[in-house]
Amino acid sequence: MDDIDAMFSDMMQEMDLLTQSFEAETESAPLPKPPSIPAPQEMNFSIGFTDLNASLHDLEDNDLDALMADLVADISATEEKFATERDTFKGSAPVAQIPSQPQSNFNLIASTDTSRPATSSNSIAAPPPPPTSKPSKEELEEQMKADKIKLALEKLKEAKVKKLVVKVEITDGSSKTLMVDERQTVRDVMDNLFEKTHCDCNVDWSVCETNPDLQTERAFEDHENLVEPLSTWTRDTENKVLFQEKKDKYEVFRNPQNFYMWKKDKKSLKDMKDKDKEQLLEENFCGASVIVPDLEGILYLKEDGKKSWRQRYFLLRASGLYYSPKGKTKASRDLVCLVQFDNVNVYYCKEYRIKYKAPTDHCFILKHPQIQKESQYIKYLCCDDVWSMTLWVTGIRIAKYGKQLYDNYKAAVRKAAGSATWANRTIQTSSNASTPSPTPKAKAANGHASHPAVETKGPGNQTSFPPPPPPSMEILPPQPPDPMLPPPLPAPSSTTKVNKFPPPPQFPQSSIPPPPTDDLPPPPPPPEDAEQPPDFLPPPPTSMTSYGGAALPPPPPEPLASLPPPPPAPQNFASAGGAPPPPPPPPPPPAPAPAAYQPTNSVRKVAPSPPQRTTPQLAAPSGGDFMSELMTAMQKKRSQP
Amino acid sequence: MAAWDLTVTVEDLGPDAPPLQISVTSDLHIGGVILKLVEQTNLKRDWSDHALWWEQKQQWLLRTGWTLDKCGVHADARLIFTPQHKPLRLGLPNGATLKMRACFSSPVFRTVMGICRVLNLRHPEELSLLRPVEEKKKKKDKDSSEELYDLTDVPLTAGSVQALYNGMPAHFADSPKTEAVYKMLSVSLPSPAPEAIAKLYRPASIVDKTHIHTRWLDSSRSLMQQGIQENDKLGLRFKYYTFHDMDPKYDAVRLTQLYEQARWAILLEDIDCTEEEMMLFGALQYHIGKQSLSQDMVSSCQGMDDLESALKSLEVKMVGDGNSTDMLDNMTAPELNDHLKIFRPKRLTLKGYKQYWCKFQETSISYYKSKEDRYGEPIQQLNLKGCEVAPDVNVAGQKFCIKLLIPAPEGMNEIYLRCENEKQYSQWMAACKLASKGLTLLDSSYQSEVQNIQTFLSMQRSSSAAPTSQTDESINTHSLVSPRYQKKYKPKQLTPRILEAYQNIAQLSLTSAILKFLQIWQALPDFGISYFMVRFKGSRKDEVLGIANNRLIRIDLGVGDVVKTWRYSNMRQWNVNWDIRQVAIEFDGNINIAFGCVNADCKVVHEYIGGYIFMSTRAQQQSDTLNEELFHKLTGGHEAL
């Protein structure tokens with residue numbers, strides 16, 4: 001561990017230096033502005049930088065390891081690439097750059113990560129088929145060239161892969177921090193979370209976003225990318241990412257009859273045979289086009305810009321949400337379209353009776369994902385009861401996502417089935433792990449217990465994380481008497497060992513409001529930690545949260561754990577402090593461990609993009625600077641007669 | 001055994017020739033009769049297609065091994081010796097009329113199979129023949145003006161030959177004439193004139209829709225038996241709305257004809273849709289029409305397409321690595337710079353458009369006070385990624401505005417860009433559209449997008465100038481929508497709306513546009529329901545029964561509301577009492593219904609239900625051969641073969 005940290009910090013320092021020198025270089029260069037860095041990204045840049053350190057610390061060891069590996073690979077790859085690149089460029093490439101290569105790499109890294117060669121080569125293999133026209137040979141060739149160039153440029157673009165470090169809150173009040181790159185789908189992220197939390201992997205687990213301003217919540221669909229929506233959040237957002245079970249998510253596939261035959265008495269549908277359910281799904285989801293449930297009925301619509309809610313007769317169609325104007329029939333031609341689904345998502349809302357004087361609390365809204373505050377462009381709808389809200393929201397999701405939703409479900413089922421066996425095994429190991437192993441229900445208990453804790457502590461900083469409720473649903477050990485005390489986490493044996501030993505070292509954070517530390521134990525971790533295997537689990541033992549929740553004073557004295565807020569790990573702190581928030585490129589000072597804790601919301605908009613695991617090479621390491629290089633080359637060329 | 005004279009008319013001797021008398025005994029088999037007959041005619045020709053038709057009994061004597069006695073033929077019988085295959089005028093789903101030979105002696109089901117084999121239509125079981133709408137005021141001159149495609153010379157091949165020659169089945173490649181027929185079959189026809197649509201019969205109510213289904217022929221009896229004569233006109237239509245195994249690779253004709261049927265169903269208001277849906281259908285029709293025009297016969301063959309694109313991409317790869325200099329040249333291109341007028345509507349503002357210097361780069365527009373300021377900080381930079389782009393154009397009024405709705409956390413920013421002329425508009429508009437999808441000017445679709453916009457504008461120009469004129473380049477938008485919308489909107493109001501819908505689909509290839517059209521059609525709530533006027537047992541009023549591929553729907557005639565739905569999956573059995581022509585169906589849970597048909601033969605209803613059940617069995621059977629026997633078993637009734 002120490003070694004790694006040391007190495008890492010060294011590396012970072014070096015990068016830092018190099019970057020600075022490179023910056024100097026660029027400044028002197030007469031380039032107007034490298035086109036490669038579009039403005040919006042710059043913004044991300046700086047956002048990222050403010051808490052890059054912090055987020056790095058939040059990462060788990062194994063992630064750090066991976067990062068390290070990436071860095072190393074990256075650098076060597078860059079060098080290699082440079083060698084090759086020179087050849088390719090037939091000398092037109094700016095030679096001067098060579099030494100500075102690696103740093104520029106880092107410069108870039110901030111918001112975008114370089115892609116791995118793999119991707120780029122793939123893309124070559126399957127280039128978008130060039131337009132099919134049949135011009136003359138020359139034209140063709142020209143076209144070809146143009147296409148090729150476009151292709152190359154696209155590759156360059158691909159080379160920049162954005163990454164975010166995201167803090168995900170879990171139902172039991174704990175949280176996990178992980179790095180998400182922009183190509184990862186929510187499914188990938190969940191698989192990752194399953195691994196980290198050892199929950200039971202059932203299909204209901206969802207990654208959700210909440211927006212306290214709008215009081216909304218939405219579960220991301222499994223096929224969505226996580227980075228994109230998160231990067232449109234405002235800087236000061238209080239939005240959170242939650243990992244929790246949502247029964248509604250796939251209910252339509254478990255009981256399609258309740259949605260597709262909603263007009264019928266629910267009781268009569270209760271014992272529908274599985275075969276019939278399957279057939280319903282087949283009919284509605286496997287045809288040439290997905291059939292949307294034929295929902296219709298009265299909903300309340302909040303009138304534009306007014307406080308009043310107006311009843312309207314709504315109908316759901318695949319093409320959008322319609323209502324029938326007063327005095328007209330329900331015939332298709334008379335319907336008025338309220339909204340089509342291409343550009344909006346559907347969100348569940350909380351407590352709109354108070355917030356907007358809605359007739360009931362069962363509201364949902366439709367809005368563009370980027371809208372984060374109250375706006376006239378949001379459509380507010382209110383249903384009579386929970387069930388009808390579920391119906392409408394699910395119906396809208398079906399209309400919007402179509403078959404994709406069913407595919408997601410099937411993938412989730414496969415995942416759940418695959419992990420079931422595994423889970424069983426863990427249960428065994430974990431059950432003997434120790435004392436009050438969290439019971440199945442303990443999960444719930446935990447959740448309850450820790451929620452208050454969260455509140456007291458302030459948003460998003462539940463600290464360390466009791467290793468996730470183990471999947472041990474089946475075992476019903478006696479509940480721990482004190483709900484506040486989340487039982488020690490039975491984790492896979494290897495890790496458990498370690499974890500259990502150092503229980504006492506309570507990190508101060510629990511008492512401190514802001515610091516959202518997580519698993520990464522501050523630098524001076526108990527010795528045991530040092531030997532920890534890289535895949536060290538979310539460490540801390542037991543009771544952290546509980547303490548926090550209980551508002552107990554931070555327990556045992558830990559050397560660093562000075563009571564007051566500021567982050568532990570003084571040594572690094574200094575250095576960390578040096579390179580704080582603002583401007584973009586400053587490479588994160590090497591902060592091996594804890595360092596700057598930033599009171600952030602659960603999501604870090606960090607664009608720390610330490611290079612990818614796979615070794616990048618060509619375009620990769622230098623996505624951006626390849627561009628700038630090209631620019632220089634170009635300039636040279638231009639200046640020639 | 002006593003010999004007696006049998007009277008047989010031989011059609012080939014001419015209409016005025018007297019019937020032949022041949023001397024036969026009752027134990028002579030049919031084959032023997034034919035032999036004697038042929039000998040007596042003294043004509044040397046191929047008689048293999050000929051058979052005996054017994055006019056009084058309206059039946060064919062096809063079993064050559066049966067004796068006259070067994071067939072029940074006595075001296076009073078008047079037989080006709082006639083070919084089994086006769087020419088038929090076939091009204092295709094696309095509105096064209098095709099003359100071709102069809103079998104008049106086998107059950108219609110098999111006749112349709114034969115027709116489809118010639119036309120290269122897979123899954124003939126989904127189609128059937130119906131009598132044309134009786135034209136009340138039949139003008140003779142109109143009949144002659146009708147363009148007729150002739151395929152009567154094409155020999156009927158036995159097996160399902162899929163041999164391709166020149167991208168079409170071999171039997172079409174014989175002559176330019178047959179090639180033209182294939183083109184008509186496999187490429188969608190240009191949009192009809194709006195007046196032509198308005199003139200055609202449109203069902204005005206659900207009652208009218210029930211009339212269509214009175215016209216289906218009985219699948220288990222032959223054409224002759226149903227009174228169809230040589231050269232009569234019949235319609236060929238998709239009858240069962242469940243399209244099995246649609247594969248663009250093999251189904252060029254099927255897909256095109258299905259699209260045509262769907263298009264006419266929309267244009268003639270056979271199926272209701274909302275305004276939004278109509279605009280999308282209109283845009284798709286426009287796009288499909290344009291693509292079909294530009295498409296070459298050869299390239300319509302999918303295989304060639306694949307090969308071509310594969311070759312092209314190969315070339316790209318080969319040339320790809322060499323010349324980076326070209327790349328540099330091209331990389332500097334991706335910008336648009338121009339003077340544009342910008343307007344941001346705000347409450348309580350009277351400010352109008354103001355001119356700025358605008359720069360389009362990557363996915364953003366930056367604007368500056370003047371051209372001279374362009375190196376400084378822009379007044380504002382708008383990132384268009386994820387925004388909504390809508391045209392606000394009036395060619396006649398020389399108004400070329402782009403309306404942008406740019407999402408922001410606070411809502412949507414509404415911004416108008418006003419361009420000077422068409423050229424400027426199409427460039428900026430195309431750029432905005434691409435940017436909204438996250439693509440830059442470098443994207444290969446940019447040029448085609450610019451062109452698309454220009455053609456569409458020219459369409460508006462011509463439609464506002466002379467509403468009825470129609471050329472290849474420009475079509476009247478009125479011909480893309482049903483008469484209801486023709487009345488509701490003038491072409492110049494319609495064009496922008498279709499244009500708006502068009503921008504979302506302009507990128508689709510011909511095949512995907514057709515598939516998209518079909519998909520939206522199939523997602524309409526009323527899709528695939530065939531209506532019959534029935535009277536339920538115990539009820540005193542007429543009601544409508546809708547038959548769909550998975551359910552029966554009882555519909556109130558007055559209001560049009562669905563009263564009850566029964567699904568086939570719950571069906572225990574159904575049968576027909578042919579004496580009182582009543583259909584009785586039993587569902588699970590002891591639900592029994594019975595009804596008689598008011599305007600259609602109950603055989604048609606029976607066949608529909610049985611047909612759908614037959615269609616649903618196809619999924620399980622992997623084999624390509626059609627289970628004809630099962631079809632007749634399910635649909636034949638008591639007269640089943």
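Contact here means heavy atoms within 4.5 Å. Helices (H or I, at least four residues) and strands (E, at least two) are DSSP runs, numbered from the N terminus.

This is a predicted model, in which local features need pLDDT of at least 70, side-chain atom pairs count only at pLDDT 80 or more, and totals for chains, interfaces and linings use all residues. Residues are numbered from 1 along each chain as its sequence is written, chains are lettered from A and ligands numbered from 1 in the order in which they are written, and side-chain values use heavy atoms, with hydrogens and water left out.

**Exercise 1. Describe how helix 3 of chain B meets helix 18 of chain B.**

Step 1. Find the residues. B:Phe109, B:Arg110 and B:Met113 of helix 3 of chain B touch B:Glu628, B:Phe631 and B:His632 of helix 18 of chain B.

Step 2. Sort them by class. Ala, Val, Leu, Ile, Met, Phe, Trp, Tyr, Cys and Pro count as nonpolar, Asp, Glu, Lys and Arg as charged, and the others, Gly among them, as polar. The contact of helix 3 of chain B with helix 18 of chain B then has three nonpolar, one polar and two charged residues.

Step 3. Take the axes, which are lines fitted to C-alpha atoms, for helices over the stretch in contact; angles run from 0 to 180 degrees between N-to-C directions. The axes of helix 3 (residues 108–119) of chain B and helix 18 of chain B come within 11 Å and cross at roughly 140°. Helix 3 of chain B is therefore oblique to helix 18 of chain B. The cut-offs are under 35 degrees for roughly parallel, over 145 for roughly antiparallel, 65 to 115 for roughly perpendicular, and the rest for oblique.

Step 4. A crossing is left-handed if the near helix is turned anticlockwise from the far one by less than a right angle, and right-handed if clockwise. Helix 3 of chain B passes helix 18 of chain B in a right-handed crossing.

**Exercise 2. Describe the crossing of helix 17 of chain B with helix 18 of chain B.**

Step 1. The axes of helix 17 (residues 602–617) of chain B and helix 18 (residues 628–635) of chain B come within 7 Å, crossing at roughly 140°. Helix 17 of chain B is therefore oblique to helix 18 of chain B.

Step 2. The crossing of helix 17 of chain B past helix 18 of chain B is right-handed.

Step 3. Helix 17 of chain B contributes residues including B:Lys603, B:His606 and B:Phe614, and helix 18 of chain B contributes B:Leu630, B:Phe631, B:Leu634 and B:Thr635. By class, this contact of helix 17 of chain B with helix 18 of chain B has six nonpolar, five polar and two charged residues.

**Exercise 3. What is the hand of the crossing of helix 8 of chain B and helix 9 of chain B?**

Step 1. Helix 8 (residues 252–267) of chain B and helix 9 (residues 275–294) of chain B pack at an angle of about 140°, with axes 11 Å apart. Helix 8 of chain B is therefore oblique to helix 9 of chain B.

Step 2. Their crossing, helix 8 of chain B with helix 9 of chain B, is left-handed.

Step 3. B:Tyr259, B:Arg263, B:Ile266 and B:Leu267 of helix 8 of chain B meet B:Met278, B:Phe281, B:Gln285 and B:Ile288 of helix 9 of chain B. The classes in this contact are six nonpolar, one polar and one charged.

**Exercise 4. What is the strand order in the open sheet of five strands of chain B?**

Step 1. Two strands pair if DSSP finds at least two bridges between them. The order in this open sheet of chain B is 2-1-5-3-4, with mixed pairing.

Step 2. Strand 2 (20–25) and strand 4 (59–61) of chain B are the edge strands, each pairing on one side only. On average, neighbouring strands of this sheet are turned by 40° against each other, direction ignored.

Step 3. Strand 1 (residues 3–10) and strand 5 (residues 78–83) of chain B pair in the parallel sense over four bridges. B:Val10 stands opposite B:Phe81 in strand 5 of chain B.

**Exercise 5. Which residues are opposite B:Lys341 in strand 14 and strand 19 of chain B?**

Step 1. Strand 13 (residues 335–343) of chain B pairs with strand 14 (residues 354–361) of chain B in the antiparallel sense over eight bridges. The bridge partner of B:Lys341 in strand 14 of chain B is B:Gln355.

Step 2. Strand 13 of chain B also pairs with strand 19 (residues 411–419) of chain B, in the antiparallel sense over three bridges. There B:Lys341 stands opposite B:Arg418.
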